[in-house]
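User: I would like to learn how to read a protein model feature by feature. Could you walk me through one?

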Amino acid sequence: MTEADAPLILTLALDAESFAYFNGLRQQHFPPERNFLAAHVTLFHHLPGARRPDLVAQLATLSQQQAPLTLEVTGLRFMGRGVAYALENETLQALHRELQLAWQPALTPQDQQKLRPHVTVQNKVDPVQARALYEQLKADFVPFQATGTGLQLWAYRGGPWEAIQTFKFQ
């Protein structure tokens, strides 16, 4: 697969403490045979690899103008076969909408939808197992904050994602 053929994924980078917390839960609860990735917040699932140079330039400029984002971790989301932590931040929503407008012609239907930011800590398990984890985590949940520290661009080549570049917020 050439560089231009590999779809690109854009995620939000998290502060080290929040990343360690979410990734620890993911390592504990995600089926090991399916857990190829660290915890992440996906912003765009499938950007065209052929546009990589333009995307890198846009993201570099954008990240220079963006301060770190305080994310409100507001609760848990039951996903039927998994569990995720819901995140809220109006600036992140506005940033996502701005990128959607800029990249609109190249977006898949999934990436044209409203952003519902979250960190998945369990997926692709039996619904009964997912419900049990959801209830367990929900019982002890207290809202907290995390920090979005930048953007991360990845290439998808059929397996674990390949890191391309991190664009730190200023």
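Analyst: We will go from the overall fold to strands, aromatic rings, loops and salt bridges. The model is predicted: local features need pLDDT of at least 70, side-chain atom pairs count only at pLDDT 80 or more, and totals for chains, interfaces and linings use all residues. Residues are numbered from 1 along each chain as its sequence is written, and side-chain values use heavy atoms, with hydrogens and water left out.

User: How many helices and strands does the chain have, and in what order do the elements run?

Analyst: Helices (H or I, at least four residues) and strands (E, at least two) are DSSP runs, numbered from the N terminus. Here there are 4 helices and 7 strands. Starting at the N terminus, their order is β-α-β-α-β-β-α-β-α-β-β.

User: What does the radius of gyration of the chain say about its 170 residues?

Analyst: The radius is taken over C-alpha atoms, and the globule rule is 2.2 Å times the number of residues to the power 0.38. For 170 residues a compact globule would come near 15 Å, and the chain, at 16 Å, agrees with that. Along the principal axes, the C-alpha atoms fill a box of roughly 45 × 35 × 25 Å.

User: Which share of the residues is buried, and what share of the contacts joins residues 24 or more positions apart?

Analyst: Buried means under 20% relative accessible area, exposed over 50%, and partly exposed in between (1.4 Å probe, protein chains only). Buried residues make up 48% of the chain. A contact means heavy atoms within 4.5 Å. Among contacts with a separation of 6 or more, 75% are between residues 24 or more positions apart.

User: Now the strands. Which strands pair with β4?

Analyst: Two strands pair if DSSP finds at least two bridges between them. Strand β3 (residues 69–78) pairs with β4 in the antiparallel sense over 6 bridges, and E72 stands opposite E88 in β4. These two strands form a hairpin with 4 residues between them, where G80 in the turn has a positive phi of about 85°. Strand β5 (residues 118–122) also pairs with β4 in the antiparallel sense, over 4 bridges; there, H118 is the bridge partner of A86.

User: Is β4 mostly covered or mostly open?

Analyst: As a general idea, side chains in a regular strand alternate between the two faces of the sheet. In this model β4 (residues 83–88) is mostly covered, with 5 of its 6 residues buried.

User: How many aromatic pairs are there?

Analyst: Rings of Phe, Tyr and Trp (its six-membered ring) pair if their centres lie within 6.5 Å; planes under 30 degrees apart count as stacked, over 60 as edge-to-face and the rest as tilted. That gives 11 aromatic pairs. One of them joins Y85 and F141: the pair is tilted, 6.2 Å centre to centre with 50° between the planes. It links distant parts of the chain, since Y85 is in strand β4 and F141 is in the loop between α4 and β6 (144–155), 56 residues apart. Both residues are buried. Ring pairs also link Y21, F22, Y85, F141 and F144 into a cluster.

User: What about phenylalanines in a loop: is F30 buried or exposed?

Analyst: F30 lies in the loop between α1 (16–29) and β2 (41–47), and its 7% relative accessibility counts as buried. Leaving aside residues up to four places away in sequence, F30 touches L25, N35, T120, V121, Q122 and N123. F36 also has its place in the loop between α1 and β2, but counts as exposed at 55%. The C-alpha atoms of F36 and P160 are 5.4 Å apart, though 124 residues separate them along the chain.

User: Finally, how many salt bridges does the structure hold?

Analyst: A salt bridge is a side-chain nitrogen of Lys or Arg within 4 Å of a carboxyl oxygen of Asp or Glu. The structure holds 2. In one, E135 joins R131, with the closest N and O atoms 3.7 Å apart. E135 and R131 are separated by about one helical turn because they are 4 residues apart in helix α4 (residues 127–140). E135 is partly exposed at 38%, and R131 is partly exposed at 37%. E162 also forms a salt bridge, with R157, where the closest N and O atoms are 2.7 Å apart. There, E162 is partly exposed at 34%, and R157 is partly exposed at 32%.
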